[in-house]
Amino acid sequence: MRKKIVAGNWKMHKNAEQTEDLLNELIAKMPTETDAQVIVAPTFVNLASAVDHLEFTNIDVAAQNVHQAEAGAFTGEISADMLKSVGVNTVILGHSERRAIFHETDALIANKVDTALEHDMTVIFCFGEELKDRQSKSHFNIVENQLKDGLFHIQANQWENVVLAYEPVWAIGTGETASPEQAQEMHEFIRQTVRTAFGIEIADNVSILYGGSVKPDNAKEIFSKPDVDGGLIGGAALKAEDFVAIVKAI
Ligand code: PGA
């Protein structure tokens, strides 16, 4: 059975004190009984304290990135071993901001996927088309290629540590969300693509999250679609009330 997941990507927001405040608010407001796995992804410098803070809660912690190498002369980078050593077992990879602003290619992301999986981390693999791709009706092609080039080299048994996050770039941080029908159409296509390459069991079991301007008032409808297993939330993850409302919507 695939899991329902709501993950908050905090991006480059919240200093140490603000991180603690938001976590306290989340702990206070989060329903204790929920079907969904709840994940938050603060910035690197606040990961260790977030793990400590959330130790006896049902909220997990993810990193927003990892370097592909084990260690070495890579000024400013963070390794999988470092993340694991502070209790972080999940990492978001391939986010569109990493692709667009930091020039991460499918090949580089594939490398990072390998490193994370070798360290027994769970990978939240992000991908999605740009507006021009949708306008030229190449969005299915783009999505298929991102999956094939960044992820489909993995072994069948590694899929249990993979979560997919479809995030159309035109919907990220824009307030414009894919309609529930557009999300379902793409999620169905993604599951079918996984099924063709890896078989029905893996396709049925992999969670596919939707991301892009999910808010309390549209979450329920998007999550009600059969192939949408949760959300990767940006802006609305920064307000406890909104994030908790989105968790409740699932
Ligand atoms: P958004 O971001 O919810 O602010 O659109 C989603 C994301 O970037 O993961």
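The model is predicted, so local features need pLDDT of at least 70 and side-chain atom pairs count only at pLDDT 80 or more, while totals for chains, interfaces and linings use all residues. Residues are numbered from 1 along each chain as its sequence is written, and side-chain values use heavy atoms, with hydrogens and water left out.

Q: What makes His-95 and Glu-167 a set that gathers at one spot?
A: The unreviewed UniProt entry annotates His-95 and Glu-167 as "active site"; such annotations may be inferred rather than shown by experiment. They span 73 residues in sequence, yet no two of their C-alpha atoms are more than 8.3 Å apart, so they gather at one spot.

Q: Why is His-95 called buried?
A: Buried means under 20% relative accessible area, exposed over 50%, and partly exposed in between (1.4 Å probe, protein chains only). His-95 has 4% relative accessibility, so the label buried applies. Glu-167, with a relative accessible area of 5%, is buried too.

Q: What makes the pairing of the Glu-167 and His-95 side chains a polar contact?
A: The rule asks for N or O atoms within 3.5 Å, where one must be able to donate a hydrogen and the other to accept it; residues adjacent in sequence count only if both atoms are side-chain atoms. The two side chains make their polar contact at 3.4 Å.

Q: Why is the Arg-2 and Asp-229 pair called a salt bridge?
A: A salt bridge needs a side-chain nitrogen of Lys or Arg within 4 Å of a carboxyl oxygen of Asp or Glu. Arg-2 and Asp-229 meet at 2.8 Å, N to O. The partners are 227 residues apart, and the pair links distant parts of the chain. Arg-2 is partly exposed at 22% relative accessibility, whereas Asp-229 is buried at 2%.

Q: What makes helix α11 mostly covered?
A: Of the 10 residues in α11 (240-249), 7 are buried, among them Phe-243 and Val-247. Helices here are DSSP runs (H or I, at least four residues) and strands are E runs of at least two, numbered from the N terminus.
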